[in-house]
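Please consult the sequence and the structure as the points below are read.

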Amino acid sequence: MAVSALVKSIQDIMRKDVGVDGDAQRISQLCWMFFLKIIDDQDQELELLKDGYRSPVPARLQWRHWAANPEGMTGEALLSFVNGDLFPALKKLPPAAGARANVVRDVFEDAYNYMKSGQLMRQVVNKINGIDFNNLAERQHFGDIYEQVLNDLQSAGNAGEYYTPRAVTSFMTQMIDPKPGETLLDPACGTGGFLTCAMRHMRERYVKRPEDEAAMQASLRAVEKKPLPHMLAVTNMLLHNVEAPSFLRHDNTLARPYTSWGRSERVDIVLTNPPFGGKEEDGIESNFPQRFRTRETADLFLALIIRLLKAGGRAAVVLPDGSLFGEDVKARLKESLMQECNLHTIVRLPNSVFKPYASIGTNLLFFEKGEPTREVWFWEHRVPEGQKHYSKTRPIRLEHLADCAAWWGGAERASREEGERAWKVSAEAVRKRGYNLDIKNPHTEAEYVGNPEKLLAELNRAESEVRAVRDQLKNALAEALLR
């Protein structure tokens, strides 16, 4: 059976289970089961390749021992084992067991078994056994299927906030151009889309030797606050041949005092889509200097990103329109950004790029730390001709951003020219606007609404008709009252 059909059949079985309520729970359930199968397949390979290697998972809990036999435990016995033995033991793996054990423990820290039928669970387990994650072709195919599973989060209520369209992550990664050995951070990594894009980019262009691969993996940094996307991201890393994704921490990046981030923790690259539109819990803003205190998550992340970049470091960040035109804290943040960094490019996206979970305009900000901004270039991305907006069935694709990539002008951006979709604004002009960066395309002609005199005459005529109707109603009411 093809991997895509197999995954669909697993989802169909899960829909029959009364304990699995909705897409988010179904994906969470799928993920911890996939995770255990993937890590067990990797363990078996590592046991052959590395002398003395031992799985961090105790033998009785390894997938090969309780799940691989199609005639193995089922029904109440299987449920009892999963709920009473497997989950409690994996949540308590000792830290001394090593980095790979810590990954397993972190994944299961907030994981939950939603299935109530041991018979249906056995059917799912047997289906998962049909995938060999040590088979390169199968793993690559499953990686594509897994990405579609992550894409399904867009229709899973609030879980959609964890997914950034692949075209957007790929474009941002291409423009930043990370290289092995450069420390790369995603402080709100969601399901790990920027990390996988960055690894794919480096493997295609720069990774030529095992040392390059090792340098790349050793330089990755990531944090995710919520348990479901953290689990999805760790599984994503395993699928992309990361042996021990312990760099991907289950934590809240903003919970640490701003001033506690020292020079040794600064990074070369930040690639991220921080959550926006939400508010942080009480007290988080007190970790930040007074001038940056707010409960708006995206603003706090922007303040921290500026601090975390090394001199010469570069960043690509997704921010909503509100961050561009906001005042007070938002204005002070933009002032700090433009004084400490060269905010060289803003790509303005239409409000349908992140549908259906968000329908607001978003922007891709590209900046480099170390020199103040002298001018900001803007590029307006438009929905392709013949299409009114992006949607789940017709999403943004990387080729839709090819014209912006061609205009970009290489690492030095020296060949840029203004045009129908591109314009630049001086830093002084932005300062005079109160650091309002919500600057519309000056090359777009205002929509023609008609001759002003004719419009005024039509307005007067309409107002006269309204007055006449109002007078008729008043007369009718007066007559009624006199009867």
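Helix 5 (residues 99-108) is largely enclosed by the rest of the structure, because 7 of its 10 residues are buried; buried means under 20% relative accessible area, exposed over 50% and partly exposed in between, with a 1.4 Å probe and protein chains only. Helices (H or I, at least four residues) and strands (E, at least two) are DSSP runs, numbered from the N terminus. The model is predicted: local features need pLDDT of at least 70 and side-chain atom pairs count only at pLDDT 80 or more, while totals for chains, interfaces and linings use all residues. Residues are numbered from 1 along each chain as its sequence is written, and side-chain values use heavy atoms, with hydrogens and water left out.

**Helix 5 and its surroundings**

- The buried residues of helix 5 are Arg100, Ala101, Val103, Val104, Arg105, Val107 and Phe108.
- These buried residues pack against helix 2 (23-49), helix 4 and helix 11, where contact means heavy atoms within 4.5 Å.
- The axes of helix 4 and helix 5 cross at roughly 120 degrees and come within 7 Å; axes are lines fitted to C-alpha atoms, for helices over the stretch in contact, and angles run from 0 to 180 degrees between N-to-C directions.
- Helix 4 and helix 5 are therefore oblique to each other, given that angles under 35 degrees count as roughly parallel, over 145 as roughly antiparallel, 65 to 115 as roughly perpendicular and the rest as oblique.
- Phe87, Leu90 and Lys91 of helix 4 make this contact with Val104, Arg105 and Phe108 of helix 5.
- The residues of the contact of helix 4 with helix 5 comprise 4 nonpolar, no polar and 2 charged; Ala, Val, Leu, Ile, Met, Phe, Trp, Tyr, Cys and Pro count as nonpolar, Asp, Glu, Lys and Arg as charged, and the others, Gly among them, as polar.

**Helix 4 and helix 6**

- Helix 4 (residues 75-91) also meets helix 6 (residues 118-128), with axes that come within 7 Å and cross at roughly 75 degrees.
- Helix 4 and helix 6 are therefore roughly perpendicular to each other.
- On the helix 4 side, Gly75, Leu78, Leu79 and Val82 take part, and they meet Gly118, Gln119, Met121 and Arg122 of helix 6.
- The residues of the contact of helix 4 with helix 6 divide into 4 nonpolar, 3 polar and 1 charged.

- An open sheet is formed by 9 strands in the order 3-2-1-4-5-7-6-8-9, with mixed pairing; two strands pair if DSSP finds at least two bridges between them.
- Strand 3 (248-250) and strand 9 (422-426) are the edge strands, each pairing on one side only.
- From one strand to the next, the twist averages 15 degrees.
- Helix 11 (residues 227-239) packs on the sheet and touches strand 2 (220-224) and strand 3, and its direction makes about 160 degrees with that of strand 3.

**Individual strands and pairings**

- Strand 4 (residues 267-272) is largely enclosed by the rest of the structure, because 6 of its 6 residues are buried.
- Strand 1 (residues 184-186) runs parallel to strand 4 and is joined to it by 2 bridges; the bridge partner of Leu185 in strand 4 is Val270.
- Strand 4 is joined by 5 bridges to strand 5 (residues 309-320), and the two run parallel; the bridge partner of Ile269 in strand 5 is Arg314.
- Strand 2 is mostly covered, with 4 of its 5 residues buried.
- Strand 1 and strand 2 pair over 3 bridges in the parallel sense, and Asp186 stands opposite Ala222 in strand 2.
- Strand 2 and strand 3 run parallel and are joined by 3 bridges, with His250 in strand 3 as the bridge partner of Glu224.

**A buried loop residue**

- Gln62 lies in the loop between helix 2 and helix 3 (63-66).
- Gln62 counts as buried because its relative accessibility is 8%.
- Gln62 touches Asp40, Ser55 and Val57, not counting residues up to four places away in sequence.

**The chain as a whole**

- The secondary structure of the protein chain comprises 17 helices and 9 strands.
- Of the 483 residues in the protein chain, 51% are buried.
- Among contacts in the protein chain with a separation of 6 or more, 75% are between residues 24 or more positions apart.
- Taken along the principal axes, the C-alpha atoms of the protein chain fill a box of roughly 90 × 70 × 45 Å.
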